[in-house]
Amino acid sequence: MRSSSFLPVALFCFLLFVSCNGKQTYPQVKHVILIGMDGMGAYDFQRAATPEMNRMAANGALSVKARCVLESSSSQNWMSMLTGAIPEQHGVTSNEWEPDDHMIEPILKNKKGFFPSVFDDIKSQIPGCRAYMFYEWEGLGRMFDLTVPDKVEWINNGVEVINKGIEAFFKDKPEFLFIAVDETDHAGHVYGHESEEFHECITKYDSIIGSLAKRLEATGMLQNTVVIITADHGGLKKGHGGDSPYEMTIPVLLYGGPVTKGKLVEKSGIIADIAPTVAGLLGIKMPEECVGKFIKAAFEPATDRNYSPIPVIVPRSGLYKNSVEVSMKTDVPEAKIYYTLDGSAPVIGSVLYQKPFTLGKSALIRAVSVTGNSAGMEEHSSVRVVKDGDKPAVHYRFYTGYNGINVPDFTKLGRPGREGDIYEFSLDGLVPGNLDHFAVEFTSSLLVDEAGGYLFTISSDDGSRLFIDDKPVVNNDGSHSTRTSSGRITLEKGKHKIRVGYFDDSDSEFFELSWRTPSGLKEVIPFSRFVTE
């Protein structure tokens with residue numbers, strides 16, 4: 001049982017240790033606040049303006065390399081976050097999971113038949129310990145025994161749910177408070193994870209979280225409280241569920257109590273590490289079956305590595321006429337940005353960004369930010385610039401009223417509603433308004449000047465398929481949100497027939513075709529590579 005008295009924070013500077021009986025012991029605090037921001041992946045956290053969480057990271061520990069479980073959707077990741085288990089153990093494998101309709105039974109069960117959560121562990125081991133749960137996404141509640149926490153509130157408003165949770169904490173001072181905000185995920189679906197609107201939504205909650213931190217500091221509660229901020233998954237464009245780094249990588253920020261100040265956690269943990277960390281800080285033992293581990297790196301001595309967020313490049317990517325202005329920024333004012341335009345990896349000593357510049361030719365912009373002597377994660381933007389003399393070489397056939405859930409056999413669709421020539425395999429300019437239920441076939445010749453193995457990648461919402469010389473190369477078919485699939489093929493120098501079939505089922509639509517050449521360059525295929533037959 002956890003002692004009701006707590007040693008001063010200074011005694012935890014050695015952090016994790018092994019007691020005289022050989023059992024591993026963790027630094028403990030009186031309170032843990034866990035805030036989960038739905039859809040706020042590590043890339044999203046770094047791109048958005050988060051001055052308050054940056055301040056907390058400078059005085060706490062931060063990882064931008066943790067990973068969620070596949071698929072990168074909400075249900076299985078909230079469950080993994082709060083149980084310390086993975087889907088193969090807790091049995092929640094998708095957003096379609098229901099308590100009375102699922103395939104895999106949990107390997108452990110509480111009295112309601114669910115895998116025991118950290119709420120179960122807390123209440124069973126320390127009955128007098130209070131645990132509160134405030135959440136916005138109604139679906140989250142179906143996975144847990146809601147009779148276990150001392151207080152449960154579902155509020156269909158993100159700002160209200162986080163503010164009510166915070167007020168309940170300062171009023172009742174529960175040992176554990178869990179808050180789950182869903183508005184960020186909604187903003188990602190509506191506006192896209194690369195959009196200013198989505199980033200502004202994150203910034204709004206950054207301000208609220210900053211107020212919580214300052215209130216803990218002002219009341220003297222911070223020395224016995226650890227705040228953990230994380231996410232269930234990230235996103236790509238307007239969707240998630242795939243295995244791209246943008247969807248799979250999540251931030252984990254720890255602040256307060258014995259957390260090491262200024263610690264950049266560089267080991268790649270997993271979302272299942274959250275529950276064991278909450279439990280360890282409260283002196284709770286997790287079930288032996290759980291694969292998650294206490295995040296001990298957050299309590300180990302700091303190194304000379306600094307947090308440096310990925311730079312935001314504007315424009316993110318795209319096709320432009322004659323020229324385009326390029327600007328860059330980071331969320332840390334003192335960070336320097338180094339970039340390249342030739343596709344090579346940016347390093348300290350590459351071109352230093354100083355002010356916006358005009359780009360008059362196509363380029364793959366790659367950039368990193370550097371704080372002190374530490375470079376952060378790389379960002380890139382594929383900018384294609386069309387000149388007046390350039391001719392479009394991609395033919396498209398556009399079909400409306402397509403109600404299938406797979407890429408169609410275009411030979412059976414009859415005459416297209418419209419057709420024409422464009423510069424790239426792209427939906428830009430082809431889709432009017434909020435049109436749903438359509439299909440497009442793109443055809444061209446691909447000019448290859450380097451023989452060898454090529455990796456082709458399609459990101460699409462909904463389904464798509466790529467054929468080269470009539471051979472299937474990438475299959476990203478089916479009705480789904482933005483998802484990425486790849487395929488390899490060996491090509492000789494010269495022209496090759498290239499064809500893509502795409503369809504949109506409902507809601508948003510997106511399509512992007514990129515390649516990795518034998519020399520290692522990865523980019524959206526430049527329009528100059530498409531030629532007429």
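Four strands build an open sheet in the order S26-S23-S28-S29, and their pairing is antiparallel. Strand S26 (483–491) and strand S29 (522–524) take the edges. Each has a single partner strand, so one side of each is left without a neighbour in the sheet. Neighbouring strands here are turned by 25 degrees against each other on average, direction ignored.

This is a predicted model. The average pLDDT for the protein is 92, and 95% of the residues score at least 70. Residues 1–22 are another matter: their pLDDT is below 50. That stretch still has 37 contacts in the model beyond near neighbours in sequence. Where pLDDT is low, predicted coordinates should not be read in detail.

### Strand pairs

| Strand pair | Sense | Bridges | Residues facing each other |
|---|---|---|---|
| S5 (131–135) and S6 | parallel | four bridges | Tyr135 and Trp154 |
| S23 (452–461) and S26 | antiparallel | nine bridges | Ser460 and Arg483 |
| S22 (438–448) and S27 (494–504) | antiparallel | eleven bridges | Phe442 and Val500 |
| S24 (464–468) and S27 | antiparallel | five bridges | Arg465 and Gly501 |

In S27, Val500 stands opposite Phe442, while Gly501 stands opposite Arg465.

### The eight-stranded sheet

Another open sheet holds eight strands, in the order S6-S5-S7-S3-S8-S9-S4-S10. Its pairing is mixed. The edge strands are S6 (151–154) and S10 (263–264), each of which pairs on one side only. At the S6 end, the neighbour is S5, which runs parallel to S6.

Helix H6 (residues 158–172) packs on this sheet. Its contacts there are with S3 (31–37), S5, S6, S7 (176–181) and S8 (225–230). The direction of H6 makes about 170 degrees with that of S7. Helix H8 lies across S3, S7, S8 and S9 (249–255). H8 runs at about 175 degrees to S3.

### Helix against helix

How do H6 and H8 lie relative to each other? They pack at an angle of about 5 degrees, with their axes 11 Å apart. Angles under 35 degrees count as roughly parallel, and H6 and H8 are therefore roughly parallel to each other. From H6, the contact includes Gly158, Val159, Ile162 and Phe170. H8 contributes residues including Lys204, Ile208, Leu212 and Thr219.

Helix H2 (residues 51–58) also meets H8. Their axes come within 7 Å and cross at roughly 45 degrees. H2 and H8 are therefore oblique to each other. On the H2 side the contact is made by Pro51, Glu52, Met53, Arg55 and Met56. On the H8 side it involves Asp206, Ser207, Ile209, Gly210, Ala213, Lys214 and Glu217. Ile209 of H8 also takes part in the contact with H6.

Which residues of H2 are buried? They are Glu52, Met53, Asn54, Met56 and Ala57. These buried residues pack against H1 (42–47), S4 (61–67), H8, S8 and S9.

### The cores

In soluble globular proteins, nonpolar side chains tend to be buried together. The largest nonpolar core here has 102 residues. Which of its members touch the most others? Phe176 and Phe178 do. Helix H8 (residues 196–219) supplies the largest share of this core, nine residues.

Phe178 reaches well beyond its own stretch of sequence. Leaving out residues up to four places away in sequence, Phe178 touches Leu34, Trp78, Met81, Leu82, Phe119, Tyr132, Met133, Phe134 and Leu140.

A second, separate core has 31 residues. Val473, Val474, Trp515 and Phe530 are among them.

### A loop residue

Leu70 lies in the loop between S4 and helix H3 (74–83). Leu70 and His233 are 163 residues apart in sequence, yet their C-alpha atoms are 9.5 Å apart in space. With residues up to four places away in sequence not counted, Leu70 touches Gln76, Pro87, Gly242, Asp243 and Met248.

Technical notes:
Residues numbered from 1 in each chain as written. Predicted model: local features only at pLDDT ≥ 70, side-chain atom pairs only at ≥ 80, totals over all residues. Heavy atoms only, no water. Core = buried A, V, L, I, M, F, W, Y, C linked by side-chain atoms within 4.5 Å. Buried < 20%, exposed > 50% of the residue type's maximum accessible area, 1.4 Å probe, protein only. Helix = DSSP H or I, 4+ residues; strand = E, 2+ residues; numbered from the N terminus. Contact = heavy atoms within 4.5 Å. Pairing = 2+ DSSP bridges. Axes fitted to C-alpha atoms, helices over the stretch in contact; angles between N-to-C directions. pLDDT = per-residue confidence, 0-100. Parallel < 35°, antiparallel > 145°, perpendicular 65-115°, else oblique.
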